[in-house]
Amino acid sequence: MATIEFLLNGTPRQCDVPPDTSILTLLRDHLGMTGTKEGCASGDCGACTVAIRNRSDAGSCFQSVNACITPAHQLNSRHLVTVEGLAQGNQLHPAQQAMVECHGSQCGFCTPGIVMSLFTLHTTQQRRPTPLTPERLEAVLGGNLCRCTGYRPIRDAALEMQSLPWQPPQWFDASLPATSVSNPDRIDENASLFAQPSTLDELTRVRRRYPNARLVAGATDLWLENTQRLVELDQLIDVTRVDELRRIEEASFQGQSGWWVGAGVTYTQLEPLLEPHFPAFAHLLHRLGSQQIRNTGTIGGNIANASPIGDTPPVLQALDAWVELANADGSRQIPLSTFFIDYKKTALAADEVVSRVFIPKLADTATLRVWKLSKRREDDISAVLGAFCYRLEAGVMLDVRIAFGGMAATPKRALATEKALEGKPLSKTSFQAAQQALDDEFTPMSDVRGSQLYRQQAARNLLERLYLTLFAPNQEVMLHAYAH
Amino acid sequence: MRTLTRLDADSHRARRELHDHIQGSGPLARHTVDSQSQRQAGSTSFHESAHKHVTGKAAYIDDIKTPADALHVALGLSLVAHGTLTKLDLEAVRQAPGVIDVITFDDVPGHTDIGPVFPGDPIFVDREISYAGQCLFAVAATTLQAARRAVKLARLDIDEHPASLDPVAATEREEFVRPTHVQERGDWQATLEQASQHIEGELFIGGQEHFYLEGQACIVLPSEDEGVIVHTSNQHPSETQKLVAEVLGIPFHAVTVEVRRMGGGFGGKETQASPWACMAALFARRTGKAIRLRLPRSEDTRATGKRHPFHNRYQLAVDHQGVIEGGEITLIGDCGYSPDLSDAIVDRAMFHADNAYSLGNARVTGHRAKTHTASNTAFRGFGGPQGMMIIEAAMDDIARRVGEDPLTIRKRNFYRQGRDITHYGQRVDQTQLLHTLVDTLEHSSDYWSRREAITAFNAASPIIKKGLALTPVKFGISFTAQHLNQAGALLHVYTDGSIMINHGGTEMGQGLHTKICQVVARELGLDLDSVRISATRTDKVPNTSPTAASSGADLNGMAARDAASKLRGRLFDFAAEHYSEGLDREGMRLEDGMLIAGIGESERRIPWGELVQTAYLNRISLSEKGFYATPLIYYDRATGQGRPFYYYAFGAAVGEVSVDTLTGEYQVDRVDILHDVGDSLNPAIDMGQVEGGFIQGLGWLTSEELKWNDNGMLISDGPATYKIPTFGDLPPIFNVELLEGHPNSMASLYRSKAVGEPPFMLGICVWSALRDALSSLTGYQVSPHLDTPATPERVMLAANAIRQKAL
């Protein structure tokens, strides 16, 4: 048990909960607030969406979060807003009013979650109005499944709510309680633990003391062990408050300029860096999880989780990224390509944490392309993800780096395929050789997301797409919905 | 279906009353009697719970508070698809922290078979395990977490057998859950033999998980004597009442079932909600405590049945114009391990194997294959969509064969005068409506100029291919089990003038309660706010039919109208007699919250509240029950002929897609829909059904893929692996309209038409458009084989296959 203090719909609350309590459990079971619904308990449907404000400064906005897989302890010194908090007396919030007027609810079960996603959009628009493009709406609402309406009335509500009158409630910018969880000093390996270190030094020390504790950042995968497999997560070290892990710094490393990105940087925080420098990578983020997931999931989590179908590792590999591993004694840097050893096995030692990632700047003449194949365009896990980085100089392919997700037990560089293209002229022949090399170096498996045949053939065809993109640049070789 | 009700007396009266105006003389939905209020039947009004939905105040099952000592239930589900349970050691489960009670097959005092229509569904496994996900035992504990963790401590010995997972092989071995049924009309064999050309094909059509956002859930409270009160997320409270009573071995009147609302149903809570209520009721009686049971998503997905996958084949004789002369269609429904509703579902697939086209001399055969999966069940369309798919596949195939546009072929084959008798003998009486609807859509969607543009685009684009298709829907309205076509309602007027209406239908988001309130408000000339529905309860309206087959408003609306009009008549009689100046009984009406008698100078107005109170003081009953039974319908299974449907609902959709033939990725670029709801009871709600149904149908045919491993374990058991449409699947151009000016030709409720299921099948246009795009790879010479769901994987492999064929 640890005590947390937070604001709930503007009212200060103090709660004691076991470490593996989710926000949803806190709300429904401990506080008896049943407006927030459980649809899947796996962060995939959005019925449990709530809004959280992280900082006291008035400039920051509420972010949507899946309450079912977000640890309640992370609420400490945050402001949590739920569907019960939006209406002021009988006066509905514009998100609610618009949903009523546009007939946006049928069975109503997903509605509280949709209202909360709309609420975060509304508050963002109030502060910094930006055009509500289809892509923007898709990003905001893609993580909220509705089985009844077909979404058209929800889209209408998103557009209409902007024009409804609204007075922010008094609590809207309320200052947040500035408490911190006390980090334990005594060593008791087996005791229940929730540690919330605020520096890398604290983090690595507590990590060494509690080798069995689980590190938690976005919890977007970890928490499924609890909700789906009933694993007790009774020792948790929350890395989301570690200053060093939240920084993005421009730097030079190994003679290359680029950025050190803290492992605790969320996808949402990463996006402004990627948009100008790696548009293809930024585009991928739009299809990585949902807004709720992107608001909490971190780049370090995506790497350390070492899933063969994690979306950022193949891209980072193609970019030749490095990863920094830290323990209480110091840190070391290794190429990301050597970090993944086997299925869910990494180079990380028991007392180490992933502290940051170095992403080198793309050379002016280099191109990055990222292509993700999945059953559903939005909020789906890749069947195959191909990342391609290269320069084309006088018709010759140079500095070719290719990596795939979903094709092996780990995210993996396609070294033989790269070799087949490196220094070769842009021609059908060299790409056919590359396709052959690809066939030889990967033996993907069949699973729920795709058969071996599909994975193999689709990966080959991505090489053909690359060839056509370069060889016949005026020809349409990609769908608009997927292109960038 | 086993909830037996004597039909004769009541339905006879209803039939007699309706007999005079069965065809065409009913009032229209849009003719509201109240000019002041726009919120009665035929007008748009908000969902009765909309305000509660958006504020989180609408309570679903798990939101209902129970006493602090309530117990939580978790289930022990089989991980094996087929086998014999030789040992079930639950000692460690019983000893686990927090566990209060554990039950198995042997602990059931009453019936152990809870099959809804036919036997075959044991409440718990006795010895034979028939699917992975079947329930072996249940645990009640002080917390849900404790119950779920205790389940994992069970020790099982199972003698595992090979699982039968292929319905085609099962059909060859004649392993059926119910006998095969055949519908035959004309000498189809001779027609096939003499045909100028034959065309044949086959298609696998995948199943579908309901993915109601609120999973299966119930709360059961022990009540006085030996009874229970059941709160359940449920489309068929009366059946749950019956099954709970039978499992407990108590009379039906000891069980009260209440449904306020469901967080989605779609057919998945017609029969699939009962087992959990039965289990919770057992615990409630054994422990004397309130019992909470809700299935975690993955268990819900594995334990409950889905839309039936089908394997369909056709062999048709067509003339040189591509018009069907006759032939044979064979449907194999994958029913899973038990009958459940499969007989009626495969029947409905057979009834829709023609969709909007005359099959000529035809035989339609429907097999009910038994496999070791969850027992497949009702899902919006109830087999109809799967039946339609094969004839829509045939239309595209015929078009490629004769070298015409698929739309041309479809229109040539439409039911028309002279070709208007279905293969099961029913006359299609609104054929002109179908032609008008499709012609209108063809123009409004600009079909032919888009066809030209697409053909030109494809000729210049080797990788990206566009496709276009218009597909129609003709859907038969009525339960095909005749006795289910009845409904009851109970109307109370309280002395402040407020009204409570209860009826047999359940609210699952479709807006049924809103429509019923509109009906009562209209009949009594009141504002919608005066009318309220508390919940669907078996102690208010008994022996109800499931809210299914799109029939909710048709049946229950008529029953509510019956109750309201009877009460109105009684109040008129009373007023005519009571008021001393003598009100004119003729021409008396209820409008704007007034009773109005006479016209002009002799007009007399009595406010509703005053009327009600005066009636009460004069000891006039202010309560009334209503009843309705659909007239005319019958079906003779022995001959496979009859008139199973009171009427048909129509619709059509045009879909345009772009396909990346390298990866199989595709996007829906535009959809245009025109749909027939007769005279709409509530255009906003009907529009919601049309759009939502379309998107759900789109999901069924595109991204929603059920996958089992070789051992029969469902591996797409949650939203991470089973992908229903999301916001981005809404087509960027989505023009949806309700057909106006075409009231139902039958005397339905204000001449409206049912709207729940028919729009689901509009989604077929997207699948057909994908085939159109792929066909362009061969210059429209070859019709591609494309099973469903048409995932990117299937589309890419189909593109490969058709390229090979073209070589």
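The centres of domain 1 and domain 2 of chain B, taken over C-alpha atoms, are separated by 38 Å. The structure is a predicted model, in which local features need pLDDT of at least 70 and side-chain atom pairs count only at pLDDT 80 or more, while totals for chains, interfaces and linings use all residues. Residues are numbered from 1 along each chain as its sequence is written, and chains are lettered from A and ligands numbered from 1 in the order in which they are written.

Domain bounds were taken from an automatic or database domain assignment. In chain B this assignment gives domain 1 (31-60 + 486-629), domain 2 (64-162 + 210-303) and domain 3 (310-480 + 636-806).

A UniProt record (unreviewed entry) places the feature "domain: Aldehyde oxidase/xanthine dehydrogenase a/b hammerhead" at residues 55-162 of chain B. UniProt positions are given in the numbering used here, feature names are shortened, and annotations may be inferred rather than shown by experiment. The end C-alpha atoms of this span of chain B lie 51 Å apart, and the span is 13% helix and 31% strand. Helices (H or I, at least four residues) and strands (E, at least two) are DSSP runs, numbered from the N terminus.

In chain A, the assignment gives domain 1 (2-173), domain 2 (193-244) and domain 3 (371-484). The centres of domain 1 and domain 3 of chain A, over C-alpha atoms, are 39 Å apart.

The contact between the two chains takes 67 residues from chain A and 66 residues from chain B. On the chain B side, two or more residues each come from helix H2 (50-55), helix H4 (144-151), helix H9 (297-303), strand E27 (647-660), helix H18 (683-701) and helix H20 (792-806). H18(B) gives the largest share of that side, 7 residues. By residue type, the chain B side holds 28 nonpolar, 25 polar and 13 charged residues.

H18(B) also packs against helix H19 (residues 764-775) of chain B, at an angle of about 45 degrees and with the axes 7 Å apart. Axes are lines fitted to C-alpha atoms, for helices over the stretch in contact, and angles run from 0 to 180 degrees between N-to-C directions. The angle therefore makes H18(B) oblique to H19(B); angles under 35 degrees count as roughly parallel, over 145 as roughly antiparallel, 65 to 115 as roughly perpendicular and the rest as oblique. In this packing B:Gly697, B:Leu698 and B:Leu701 of H18(B) meet B:Ile764, B:Val766 and B:Trp767 of H19(B). The residues of this contact comprise 5 nonpolar, 1 polar and no charged.

An open sheet in chain B is formed by 5 strands in the order E7-E15-E14-E13-E8, with mixed pairing. Two strands pair if DSSP finds at least two bridges between them. Strand E7 (176-185) and strand E8 (197-205) of chain B each have a single partner strand and stand at the edges, so one side of each is left without a neighbour in the sheet. From one strand to the next, the twist averages 5 degrees. E8(B) pairs with strand E13 (residues 310-318) of chain B in the antiparallel sense over 9 bridges, and B:Leu203 has B:Asn312 in E13(B) as its bridge partner. Helix H10 of chain B lies across E7, E13, strand E14 (324-334) and E15 of chain B, running at about 155 degrees to E15(B). Helix H11 (residues 384-402) of chain B lies across E8, E13 and E14 of chain B, at about 140 degrees to E8(B).

Chain A contains an open sheet of 5 strands in the order E9-E10-E15-E11-E12, with antiparallel pairing. Its edge strands, E9 (248-253) and E12 (330-335) of chain A, each pair on one side only.

Most residues other than glycine have a negative phi, and most peptide bonds are trans.

Terms used
Two residues are in contact if their C-beta atoms, placed from the backbone, lie within 7 Å. Ala, Val, Leu, Ile, Met, Phe, Trp, Tyr, Cys and Pro count as nonpolar, Asp, Glu, Lys and Arg as charged, and the others, Gly among them, as polar.
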